[in-house]
Amino acid sequence: MKRNFTQKVSFGEKVGYSLGDAAANLVFQMMVMFQLKFYTDVFGLDGTVAGSILMIGSVSSILVDPTIGLLSDRTKSRWGKFRPWILWTALPFCVFYILAYYNPGIEDKAMVAVYATISYVLLMAAYSSNNTPYTSLGGVMTSDIKERTSITTIRFIAVTIAQFVVQGLTLPMVNRFGHDNAQHGWLCTIAIFACVAIVFFIIAFSVSRERIQPPPRQEMSIKEDIKSTISDIPWSALFLLTFALFITLAMWSSAMSFYFQYNVDQKSLFDFLRVFKLVDSIEDSYAVGFSFFNVVAAVVQFLGVILLSRYLANKYGKKKVFIVCLTLTAFFTFLFYLPSPTDVGLLFVLNIMKSLSYAPTIPLLWAMIADVADHIEYENYRRATGFCFAGITVALKVGLGLGGAVAGVIISAFGYQPGSVSIQNESAMEGIRLVSSIVPALLFCVGIAALYLYPITKEYNENMQAELAARRRNADKEDTLS
């Protein structure tokens, strides 16, 4: 069968594909920003227990993600290898999303913890079954370097919009739907997000196409797929980078909701928000202020992705851009330790600088993983796109769970009191400040070190793609002659 060497992707297909990640981020951003606080302040669980639930759910991905990766690599359908998984998993993914934020009237805290664990593990399994094939699909839509960067840029514009929605609207929606019943408010909010996600998944499935196929004479071998992937140095470097990034992002994002509620002086926050005519009552300062803080970050990241990411990557290469931008991100994260409770303006300035520094890196990680899938084919003459992406998503999921777990353990160790306590002691406040600044900044440095181990520069990638394109043309000629 003659393979399609036309590697251009239409704008409509790029946008449609990006909606799949927008849908996934209506879930993912909720887990990063609010899952830990939901478990402590709505379910009433201790921070260590809540963190342990997040860790258990993420560790379960160690088995689920590689299995899904291997299965999707071997899927044969009229829609391709990866596209059908997006359709098949859309409904269960969104059902488990709702269940993870619903308490069916359980009073006993031990049973609440059991329910939360089961529902979160199911949510993570559904997330893996949907998102591993989805991200793998991005690696086979084109081999053109610039087109691949364009796809990931548009994809993460959609992600940033989803981030804007979740981080900016969740707490106001919970308050509006819940009134005095926070549990009901959360359930209504999550149900709305879940319905939108199903529609987006269906669109992503419908418009996307797979253009890159494994070498035509490649034999199916799970052993060889695993061996060629985990022995690949660029893959190992990205595994470490992803692990460090998502520990850090989960920790910082989880901690900032606590930071805003307890470390920021509410009167100063109220005065700051009144300048923008955003709040009328000091009681609304936390919900509105934290939402505004996240909206500002999302807008800055949105502009950074659009204006900087593609331009910088095409000019300097993904690796160089990632190193510089992540170093700046670590620096501005560290500085979050310094503002006093009344320095609300400084807090927003640091947020803008951190978001602008991190923005260009957002699309690059997934484009680099697609490059690694090509590198594995380049070195081993075999392609295992699903397993390659699955391994990286394991690092993401475990990092996500570990970041939330470590944040929960640290704030509990420093004396954080869960529930509706309005004031925390000084020790708890120090723990919240540490996991909002110094600890995540140090973990970002681990990601920077991993990038120095990553060997695929701009020049290397161009040469590799030229060689792979030549191989595919030769293979197509041989198939035609035979």
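Me: Buried means under 20% relative accessible area, exposed means over 50%, and partly exposed is in between (1.4 Å probe, protein chains only). What share of the 482 residues counts as buried here?

Reply: 60% of the 482 residues of the protein count as buried. This is a predicted model, where local features need pLDDT of at least 70, side-chain atom pairs count only at pLDDT 80 or more, and totals for chains, interfaces and linings use all residues. Residues are numbered from 1 along each chain as its sequence is written, and side-chain values use heavy atoms, with hydrogens and water left out.

Me: Ok, and how many helices and strands are there?

Reply: The protein has 18 helices and 0 strands. Both are DSSP runs numbered from the N terminus, with helices being H or I of at least four residues and strands E of at least two. The radius of gyration is 22 Å, close to the 23 Å from the globule rule for 482 residues, so the protein is as compact as a globular protein of that length. That radius is taken over C-alpha atoms, and the rule is 2.2 Å times the number of residues to the power 0.38.

Me: What box do the C-alpha atoms fill?

Reply: Roughly 75 × 45 × 35 Å, taken along the principal axes.

Me: And what about contacts, what share comes from residues 24 or more positions apart?

Reply: Among contacts with a separation of 6 or more, 84% are between residues 24 or more positions apart. Contact here means heavy atoms within 4.5 Å.

Me: Switching to the surface: what does the accessible area come to?

Reply: It comes to about 18,700 Å², and 67% of that belongs to carbon and sulfur atoms. The areas come from the Shrake-Rupley method with a 1.4 Å probe, and for residues only the protein chains shown count as cover.

Me: Let's pick a helix. What covers the buried residues of H7?

Reply: The cover includes helix H1 (11–41), helix H4 (83–99), H5 and H6. The buried residues of H7 include Gln183, Trp186, Ile190, Phe193, Phe201 and Phe205.

Me: What span should H7 have at 1.5 Å a residue?

Reply: Helix H7 (residues 182–207) has 26 residues and should span 38 Å, and its end C-alpha atoms are 38 Å apart, which agrees. The expected span is 1.5 Å times one less than the number of residues.

Me: And H13, which of its residues are buried?

Reply: Val344, Leu347, Phe348, Leu350, Asn351, Lys354, Ser355, Ser357 and Tyr358 are buried in H13. An α-helix has 3.6 residues a turn, so residues three or four places apart point the same way. Cover for the buried residues of H13 includes helix H9 (233–263), helix H10 (266–275), helix H11 (285–316) and helix H12 (318–334). For its 15 residues (344–358), H13 should span 21 Å, and its end C-alpha atoms are 21 Å apart, which agrees.

Me: Now H5. What does Ser136 touch?

Reply: Leaving out residues up to four places away in sequence, Ser136 touches Phe82, Thr385, Gly386 and Phe389. Ser136 lies in helix H5 (residues 109–138) and counts as buried because its relative accessibility is 0%.

Me: Asn131 too, is that buried or exposed?

Reply: Buried, because its relative accessibility is 4%. Asn131 is in helix H5 as well, and it touches Asp21 and Ala24, again not counting residues up to four places away in sequence. Its C-alpha atom is separated by 7.6 Å from that of Ile86, which is 45 residues apart along the chain.

Me: Where does Gly178 sit?

Reply: Gly178 is found in helix H6 (residues 145–178). It is buried, with a relative accessible area of 7%, and its contacts are Met173 and Gly185, not counting residues up to four places away in sequence.

Me: And Asn181, where is that?

Reply: In the loop between H6 and H7. At 39% relative accessibility, Asn181 counts as partly exposed.
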